[in-house]
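Dear colleague,

I am passing on the structure below, together with notes on what came out of going through it. Please read the notes with the coordinates open beside them.

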Number of protein chains: 4
Amino acid sequence: METEITLRRLKTIEGHLRGVIRMVEEDAYCIDVIRQIQAVDAALSKVSAQILENHLNSCVIDAINGNDPKERKKVLKEITEVFEMSSKV
Amino acid sequence: METEITLRRLKTIEGHLRGVIRMVEEDAYCIDVIRQIQAVDAALSKVSAQILENHLNSCVIDAINGNDPKERKKVLKEITEVFEMSSKV
Amino acid sequence: METEITLRRLKTIEGHLRGVIRMVEEDAYCIDVIRQIQAVDAALSKVSAQILENHLNSCVIDAINGNDPKERKKVLKEITEVFEMSSKV
Amino acid sequence: METEITLRRLKTIEGHLRGVIRMVEEDAYCIDVIRQIQAVDAALSKVSAQILENHLNSCVIDAINGNDPKERKKVLKEITEVFEMSSKV
């Protein structure tokens with residue numbers, strides 16, 4: 001179900017990106033193109049947040065409740081990594 | 001020529017995004033999907049910077065050399081706006 | 001201990017920011033000021049990531065292992081929120 | 001005058017950052033600290049945009065109207081660079 005929502009959003013973003021490509025092909029005004037790219041960026045960040053939320057409510061809970069301390073450590077480390085990365089893109 | 005480069009890059013990013021959609025369809029690990037989305041984001045930011053560079057070297061120079069103070073003001077304001085937006089996405 | 005590291009880093013950043021203020025007072029070149037502000041931004045993002053890591057390894061583990069489903073939900077929701085926010089600043 | 005505004009804003013942000021340091025000293029809730037750091041980040045980005053605006057309306061106009069093509073190129077390149085950087089921090 002969650003996957004359905006994620007897929008639908010990603011496909012909408014793909015359509016948006018194709019629109020940007022068309023704008024460039026039709027020689028649209030640079031600033032308008034940049035603004036549309038920024039809108040695509042923002043939409044992608046939202047999808048990422050939604051995927052992270054699903055991940056926290058499934059894999060992360062399982063790992064923390066599980067018996068494998070290594071797995072738990074890995075799962076928590078990954079969250080910090082994508083968080084750190086997210087402020088760079 | 002610049003437009004060619006921009007188009008090629010945007011199409012590569014479109015392919016990358018389709019790869020992300022496939023990953024979700026094939027139920028890839030959430031964190032791997034997020035990382036790929038962040039890579040798409042980073043690539044889009046690079047294209048934006050390249051488009052801005054072309055814009056500065058054409059329209060902006062024309063506007064500043066031109067005789068229309070309103071147009072000049074508008075063009076400079078737009079740059080500040082996309083810059084401000086860029087730190088938000 | 002973790003708190004010590006966080007504090008030390010934040011105080012270093014405070015010193016860096018005071019340096020930026022001095023640059024503006026001494027009429028430094030705009031672009032150099034912007035670059036230093038971006039460096040302060042990057043350093044702050046790193047501290048955020050470190051604080052999040054500590055949080056995941058303490059409060060979040062406690063909440064997930066605990067018996068309060070409401071608290072667990074709140075704690076996981078907060079992580080998604082700061083993640084979403086982090087791609088906007 | 002512009003410098004006055006920039007200075008005032010930077011000093012406000014310095015006060016905000018000192019508040020964050022106090023929060024950490026008083027062992028505030030991690031997520032609240034992260035949110036305050038993100039607010040400081042957002043405020044810094046706004047100051048950067050304001051500094052860039054002043055820069056565009058002074059140095060950049062001068063460079064473009066001036067007779068030094070090297071200087072003009074340098075000034076335009078710098079804008080692309082801080083723009084590219086701004087989507088990474």
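Which residues are linked with Glu14(A) in a network of salt bridges? The network joins Glu14(A), Arg18(A), Glu14(B) and Arg18(B), where a salt bridge is a side-chain nitrogen of Lys or Arg within 4 Å of a carboxyl oxygen of Asp or Glu.

Some conventions come before the rest. This is a predicted model, in which local features need pLDDT of at least 70 and side-chain atom pairs count only at pLDDT 80 or more, whereas totals for chains, interfaces and linings use all residues. Residues are numbered from 1 along each chain as its sequence is written, chains are lettered from A and ligands numbered from 1 in the order in which they are written, and side-chain values use heavy atoms, with hydrogens and water left out.

Chains A and B

The contact (heavy atoms within 4.5 Å) takes 41 residues from chain B and 41 residues from chain A. Together the two chains bury about 3,800 Å², 72% of it on carbon and sulfur atoms; buried area here is the accessible area (1.4 Å probe) that two parts lose on being put together, summed over both. Between chain B and chain A there are ten residue pairs in polar contact, both residues being at pLDDT 80 or more; such a contact is a pair of N or O atoms within 3.5 Å, and within protein one must be able to donate a hydrogen and the other to accept it, while residues adjacent in sequence count only if both atoms are side-chain atoms. On the side of chain B that touches chain A, two or more residues each come from helix H1 (2-25), helix H2 (30-65) and helix H3 (69-86) of chain B, helices being DSSP runs of H or I with at least four residues, numbered from the N terminus. H2(B) gives the most to that side, with 18 residues.

The count between these chains is six salt bridges. In one salt bridge, the side chains of Lys11(B) and Glu25(A) meet at 3.5 Å, N to O. Lys11(B), at 42% relative accessibility, counts as partly exposed, and so does Glu25(A) at 44%, the class lying between buried (under 20% relative accessible area) and exposed (over 50%), with a 1.4 Å probe and protein chains only.

Chains A and C

Here the contact takes 22 residues from chain A and 22 residues from chain C, and about 2,200 Å² is buried between them, 69% of it on carbon and sulfur atoms. Ile64(A), Leu76(A) and Phe83(A) supply 26% of the area that chain A buries against chain C, more than any other three residues. The count between chain A and chain C is two salt bridges; Glu53(C) forms a salt bridge with Lys77(A), the closest N and O atoms being 2.9 Å apart.

Other pairs, and helix H3 of chain C

Lys77(D) and Glu53(B) also form a salt bridge, with their closest N and O atoms 2.9 Å apart. Within chain C, Arg35(C) and Asp32(C) meet in a salt bridge at 3.9 Å, N to O, and, being three residues apart in helix H2 of chain C, they are separated by about one helical turn.

The buried residues of H3(C) include Val75(C), Leu76(C), Ile79(C) and Phe83(C). At the start of H3(C), a side-chain oxygen of Asp68(C) reaches to within 3.1 Å of the backbone nitrogen of Lys70(C).

With best regards
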